[in-house]
Structure formats: C-alpha cells, structure tokens
Amino acid sequence: MSQQRTTILIDALTSEHRIARMCGDVLVDVQITRPGAGSQVGDIILARIKAVVPGIKGAFVDVGDVRDGFLPFSEKTDQPALSEGQTVVVQVRNEALADKGARLTSQVSITGRYSVYTPGRAGINVSRKSGDAELAAQFQALAGGICGPGDGVIVRTAALEAGEAAFEPFTREVTTAHDRWMQAQVQAQSGKSPAVLLAAPDAITATLTALDATESVRVVVEGVDAWVDAQKRVPPYLSDVLSQHTGPTPLFESYGVESQLDAALGTVAMLPSGGRLHIVDTPACVTVDVDSAGASAGGNRQAVIRQTDIEAYRKLARELRLRNLSGNIVVDFISSTDRGDGAALLDLLKAESAGDPVPVEIKGFSRLGLVEMIRRRRAPSLADVLCSGAGKSPLTLAYNALRMAYAQSTSAPGRAVTIRAHDHVISVLKKDLAADVTHWQQSRGSTLKLEGDGAMAVDDLDVYADH
C-alpha cells in the first residue's frame with residue numbers, strides 16, 4: 001500500500017471542511033472540521049487556572065470552552081508553580097472529547113512549512129534527516145539572526161529538501177513567527193483571559209503546509225474559495241500536484257470516499273478472504289473480535305485461521321486510523337495452535353501501525369490470549385463527529401443535503417433546487433446553516449427551497465432541481 005500514490009481530497013463546498021487521504025483507491029483517514037467546534041489543536045491561549053489538583057498531577061484550566069482544559073504538571077518538578085486564578089499561556093495538544101476537556105501544554109510552538117518556532121526553548125536545531133552540514137549551518141545562521149532571546153527554531157526537513165530556494169521563504173516564515181509571538185506576548189500582558197492569542201492554521205492550510213516534495217502525491221480541491229487559496233499557499237515547485245474538481249458528481253463520491261465512510265461507521269469490517277472484524281467502541285475500551293466467518297482455504301482449518309489473522313492484523317491498523325478510535329484497545333484474534341505465529345503477527349501489526357500519525361503502542365498478548373494496545377487520544381472518533389444515537393446526526397445530514405444541492409445545481413445550472421427532508425434536518429439548515437444556504441443561493445444565482453416532512457425518516461434526503 002505504501003508504494004501507491006497518495007491522493008488528498010479537499011472538500012470545501014460548505015462550511016464543513018473534509019480532507020480525505022487515500023492510498024490508491026483505499027481511504028486511509030479523513031479529517032472533518034466544522035465552525036464553532038471549540039479550541040483546535042495548536043491554538044495558543046491565554047488561560048486561567050481554575051483548580052490545582054496535586055493528586056492527578058495537573059491543573060484544570062479555563063480556556064474559554066464549555067469544558068475546562070487539563071494542564072499536566074512538568075515532569076521535571078514534583079510541585080507545580082501554579083496557583084488558582086493565575087493566568088498562563090498554554091497550547092492545545094489534544095482536542096476536547098465527549099467528556100474531557102482539551103489536553104494542554106505550556107511548551108508552545110509555532111509550526112510552518114520550513115520551520116518550528118519554539119518560544120522559551122533556546123537553540124537552533126536541524127532535522128535529523130539533514131545530510132548536508134553546510135546547508136544546515138546556513139539555515140541555522142538565518143534563524144539565529146531572527147530569534148528572540150531565549151527562543152529557538154527547528155529547521156524542518158522541507159527546508160533542507162528545497163535547499164537554497166527556501167532561504168527567502170524560510171527567513172520570512174521565521175520572522176513572521178517571531179513577530180506573531182511578540183504580539184501575542186503584548187496581548188497576554190494587557191488582555192483578559194481566557195483569550196486565543198494565536199489561532200492554529202485551519203485544517204486545509206495545515207494540510208497544504210505539510211506537503212512533502214519527496215512524496216508521490218496529488219491534491220484535488222472542490223470549492224472555489226478553497227481552490228484559489230490553495231494556489232496561493234502551495235509553493236511553485238509543488239503547484240503541479242494541485243487540481244480542481246468541477247464535475248457534476250461530488251468529489252468524495254467520485255473517488256468512492258462516501259461509501260467507505262459509511263462502512264467505517266458500522267461495527268463490521270470485511271476481510272479479503274471472507275472473514276471480518278467486529279469493532280465496538282465502549283466507554284471503557286475498544287473491543288475487536290476476529291471472525292473467520294465465510295473464509296476458506298481449501299478446507300484446511302489451520303490455513304484459514306492463519307490467513308484470517310494475517311488479514312485481520314493488516315486491516316485492524318487501517319480501521320483504527322480511519323475510524324480514529326483511541327484509548328485502550330483489546331483484540332480477540334482467532335486461536336492458533338502455532339505459538340510461533342504470535343510474535344510474527346505482532347511484528348506485522350507494529351509495521352502496519354507505523355504510518356499512523358497518532359502514536360500506537362502494542363502491548364502484546366494478555367494472559368487470556370488477547371492482544372492489548374493503546375492508541376493515543378487526540379480528537380473525537382469519526383462516529384462522534386458524524387453521528388448522534390444510532391445514526392448520522394441532523395447536522396451531518398444537513399451538510400450532505402447541501403452538497404447534493406450543489407451537485408444538482410451543477411447538472412442543471414440556473415434552476416431552483418429543493419431539499420426535502422425530515423423536520424430536524426430542515427431546522428438545522430434554516431438555523432445553524434443559514435449562512436451556508438445564503439452562500440449557496442448567492443454563488444449559484446438561484447433559489448434553494450427547504451421543505452420539512454416529519455413523516456420522512458431522519459436519514460432520508462430528497463434533493464432535486466425544479467423543472
């Protein structure tokens with residue numbers, strides 16, 4: 001899979017931005033952001049300590065969200081230099097989850113394409129991938145002339161790959177980060193808490209910034225504003241990887257993403273040979289059961305078990321990443337009489353998990369023969385974002401309806417389009433997504449009619465162009 005070309009799909013037709021990463025025709029992961037979702041990973045905030053709790057080695061911090069964030073004590077000190085009511089500058093490390101606030105850090109950083117500015121941590125460091133000492137020294141000299149006292153810079157791999165061509169944008173990027181940090185400090189001294197001092201880049205900007213010249217990748221963008229912005233943000237030497245999606249079929253549907261997302265919301269994941277994974281996310285942990293089901297290998301039961309387990313180990317890593325499942329994970333693979341398989345299969349699981357941007361720790365087999373692993377919590381799961389109860393939430397369905405309306409308008413330009421759906425979905429369109437509806441009508445020069453029908457199933461959408 002790793003040798004196939006990576007395709008990044010950016011769907012920005014509505015205020016819900018979706019970014020899918022595909023390897024070949026397989027969906028690897030998806031990032032979904034919506035307005036008003038609270039603090040984002042990377043936000044630098046002037047916050048206020050609400051409670052210091054030595055027993056859990058941390059403090060609860062008011063960051064301006066409904067839920068307080070959690071700031072762990074420094075590992076280097078036994079007693080925190082924090083007190084209730086004190087203002088502190090923190091950065092969001094992990095997003096808030098259903099019942100937990102954002103996880104915070106006091107070691108802030110400002111990340112760009114070519115550099116990472118590290119306020120309060122002196123030193124000009126170069127990516128370990130550097131193989132050109134002279135080039136690295138030149139970047140270090142450039143950064144050293146800009147850094148404030150006590151601050152530092154990490155020279156990223158992208159700068160070294162671009163070489164001398166990156167000198168000017170690297171200098172500009174570090175200068176901008178330095179200036180922004182200085183402004184944030186002034187605001188922190190005079191402003192009221194809680195307040196966002198520096199907002200993290202939006203998801204699309206962060207994705208474009210992270211593009212690697214050495215990676216075989218293409219980026220397809222849907223949405224006029226996002227397309228114009230993408231062309232500005234991607235450097236000239238990467239501009240040929242960009243393309244705009246303008247066809248009548250929505251971007252995610254064109255690449256088979258929608259069907260893979262729907263499958264990822266279910267509890268069963270099919271394996272190539274006919275076996276399957278049963279995946280259940282509980283409050284305590286994620287449980288996974290491997291079932292050989294309809295798998296066959298010429299009647300050889302032992303061969304069936306081995307083949308199913310191999311497929312399950314490979315599939316599991318992908319499903320955890322796609323569904324963004326995290327925390328404690330317990331997996332019941334099919335029992336095998338070959339004890340030598342265990343270590344080899346764990347090595348396979350580790351290899352398949354190596355590309356996951358979220359740290360995964362494989363603990364090994366428990367005394368009961370279950371595989372135990374931990375995937376760090378950083379953001380809500382896919383189901384938490386898209387669903388409420390047993391199905392997709394009215395907000396998710398409202399966004400889907402809007403995208404369908406764009407497709408209808410593209411196929412029948414100039415015609416009015418009607419969205420007929422359950423009253424709950426129409427209510428979201430009229431209230432929460434009123435700005436999206438207005439934008440649709442202004443950009444399409446037509447009318448979007450919203451018709452509620454309480455007799456319809458909540459997940460049933462009828463979107464059509466008027467005759």
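How much accessible surface does the protein have, and what percentage of it belongs to carbon and sulfur atoms? Hi everyone, let's start there. The accessible surface comes to about 23400 Å², and carbon and sulfur atoms account for 50% of it. Please keep in mind that this is a predicted model.

Now the overall build. The protein has 13 helices and 26 strands. Its radius of gyration is 25 Å, close to the 23 Å that the globule rule gives for 467 residues, so the protein is as compact as a globular protein of that length. Along the principal axes, the C-alpha atoms fill a box of roughly 65 × 65 × 50 Å. As for the interior, 44% of the 467 residues count as buried. And if you take contacts between residues at least 6 apart in sequence, 65% of them join residues at least 24 apart.

On to charges: there are 47 positive and 55 negative ones, and their mean positions lie 3 Å apart.

Let's zoom in on one helix, H13, which covers residues 434–444. Its buried residues are Asp 436, Val 437 and Trp 440. These three span an arc of only 100° around the axis, so they sit on the same side of H13.

What do the buried residues of H13 pack against? Their partners are helices H11 (394–411) and H12 (423–430), plus strands E24 (417–421) and E25 (448–452). On the face turned away from that buried side, you'll find the exposed residues Ala 435 and Gln 442. Finally, Gly 445 follows H13, with a positive phi near 60°.

Technical notes. Residues are numbered from 1 along each chain as its sequence is written. This is a predicted model: local features need pLDDT of at least 70, side-chain atom pairs count only at pLDDT 80 or more; totals for chains, interfaces and linings use all residues. Side-chain values use heavy atoms; hydrogens and water are left out. Helices (H or I, at least four residues) and strands (E, at least two) are DSSP runs, numbered from the N terminus. The radius of gyration is taken over C-alpha atoms; the globule rule is 2.2 Å times the number of residues to the power 0.38. Buried means under 20% relative accessible area, exposed over 50%, partly exposed in between (1.4 Å probe, protein chains only). Contact means heavy atoms within 4.5 Å. Accessible areas come from the Shrake-Rupley method with a 1.4 Å probe; for residues, only the protein chains shown count as cover. Lys and Arg count as positive and Asp and Glu as negative; His and the chain ends are not counted. The place of a charge is taken as NZ of Lys, CZ of Arg, CG of Asp or CD of Glu. The arc is that of the directions from the helix axis to the C-beta atoms.
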